[in-house]
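Subject: Structure handover

Hello,

I am passing on the structure we spoke about. Please open it first; my notes on what was found follow below.

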Amino acid sequence: MTRAVVTRSPQPPQLTVKQAATQAARLRQASPTLAAAYAQALSRWLDDPVLRLAGRPIITECYRSPARQDELYAQGRTKPGPIVTYKRGGESRHNLGPPTPALDVGFLLADGSVLWSGLLLSKFARLMKAADARVVWGGDWASFKDRPHFEVLKAAEPAGKGGDERG
Ligand SMILES: [Zn+2]
């Protein structure tokens with residue numbers, strides 16, 4: 001029987017103090033249902049011996065001003081770059097709040113770079129949906145797959161008065 005020689009155990013990516021503060025601030029922007037689901041999914045991820053080495057989930061954006069939404073909308077249309085959104089300022093659920101019922105996720109790697117891997121995002125989406133079945137993953141959308149994107153509908157929020165328009 002042969003065994004792989006492990007010279008040093010791999011270390012999971014760690015947040016710097018500044019990154020940890022940014023993550024805490026972004027999580028505070030998120031609406032309660034979404035924040036709770038994210039916190040649980042993150043904890044499950046970090047408890048998994050394989051997933052935790054693949055990348056550290058981070059919130060890359062939560063609240064987004066309508067002005068910034070318009071800038072993103074221009075990308076791939078009147079400005080260079082790929083199309084990243086089909087929503088104009090005020091149309092996205094990122095533009096609500098805070099509390100904001102949408103957040104985007106990426107993965108911090110050990111070298112400090114951020115990865116938006118479809119595979120890792122689909123694994124994270126499974127944990128998000130297991131944490132709360134009301135979480136909607138942009139990767140499940142038929143028209144424009146927005147894999148980093150997670151949101152909850154207004155009706156899922158404690159203060160929600162019904163209404164489930166997607167934004
Ligand atoms: Zn998004």
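The term pLDDT stands for the predictor's confidence in each residue, on a scale from 0 to 100. You will need it here, since this is a predicted model. The chain has a mean pLDDT of 90, and 89% of its residues reach 70 or more. Residues 160-167 are a stretch to treat separately: there pLDDT stays under 50, and the model has 13 contacts for them beyond four places in sequence.

Overall layout

The chain contains 5 helices and 5 strands. Their order along the sequence is α-α-α-β-α-β-β-α-β-β. Of its 167 residues, 32% count as buried. Taking contacts between residues at least 6 apart in sequence, 62% join residues at least 24 apart.

From the records, an unreviewed UniProt entry lists residues 122-152 as "domain: Peptidase M15C". In the model, residues 122-152 are 32% helix and 23% strand, with 17 Å between the end C-alpha atoms.

The core

The largest nonpolar core has 25 residues, and those with the most contacts inside it are Leu-34, Tyr-38, Ala-41, Leu-103, Met-128 and Val-135. Two or more residues each come from α2 (32-47), β2, α5 (118-131), β4 (135-137) and β5 (149-152). Helix α2 gives the largest share, 7 residues. As a general point, nonpolar side chains in soluble globular proteins tend to be buried together.

Buried residues in α2 are Thr-33, Leu-34, Ala-35, Ala-37, Tyr-38, Ala-41, Leu-42 and Trp-45. The length of α2 also checks out: at 1.5 Å a residue its 16 residues should span 22 Å, and its end C-alpha atoms are 23 Å apart, which agrees.

Met-128 touches Ala-37, Tyr-38 and Ala-41, and also Val-135, Trp-137 and Phe-150, leaving aside residues up to four places away in sequence.

In β2 (102-108), 7 of 7 residues are buried. Ala-102, Asp-104, Gly-106 and Leu-108 point one way from the strand, while Leu-103, Val-105 and Phe-107 point the other way.

β2 pairs with the following strands:

- β1 (residues 56-61), antiparallel, over 5 bridges; Ile-59 has Val-105 of β2 as its bridge partner.
- β5, antiparallel, over 3 bridges; Leu-103 has Phe-150 of β5 as its bridge partner.
- β3, antiparallel, over 2 bridges; Phe-107 stands opposite Leu-115 in β3.

Backbone points to look at

Most residues other than glycine have a negative phi, and most peptide bonds are trans. Two places are worth a look with that in mind.

The hairpin of β2 and β3 has 5 residues between the strands, and Gly-112 there takes a positive phi near 95°. Is Gly-112 buried or exposed? Gly-112 is exposed, because 9 other C-beta atoms lie within 10 Å and a residue counts as exposed at 12 or fewer. Thr-16 is 96 residues from Gly-112 in sequence, yet their C-alpha atoms are 9.6 Å apart.

The other place is the loop between α4 (66-74) and β2, where Pro-98 is found; Pro-99 lies in that loop too. A cis peptide bond joins Gly-97 and Pro-98, with omega about 0°. The bond from Pro-98 to Pro-99 is also cis, with omega near 0°.

Regards

Key: Residues numbered from 1 in each chain as written. Predicted model: local features only at pLDDT ≥ 70, side-chain atom pairs only at ≥ 80, totals over all residues. Helix = DSSP H or I, 4+ residues; strand = E, 2+ residues; numbered from the N terminus. UniProt positions renumbered as here; feature names shortened; annotations may be inferred. Buried ≥ 20, exposed ≤ 12 C-beta atoms within 10 Å, placed from the backbone. Contact = placed C-beta atoms within 7 Å. Core = buried A, V, L, I, M, F, W, Y, C linked by C-beta atoms within 7 Å. Expected span 1.5 Å × (residues − 1). Pairing = 2+ DSSP bridges.
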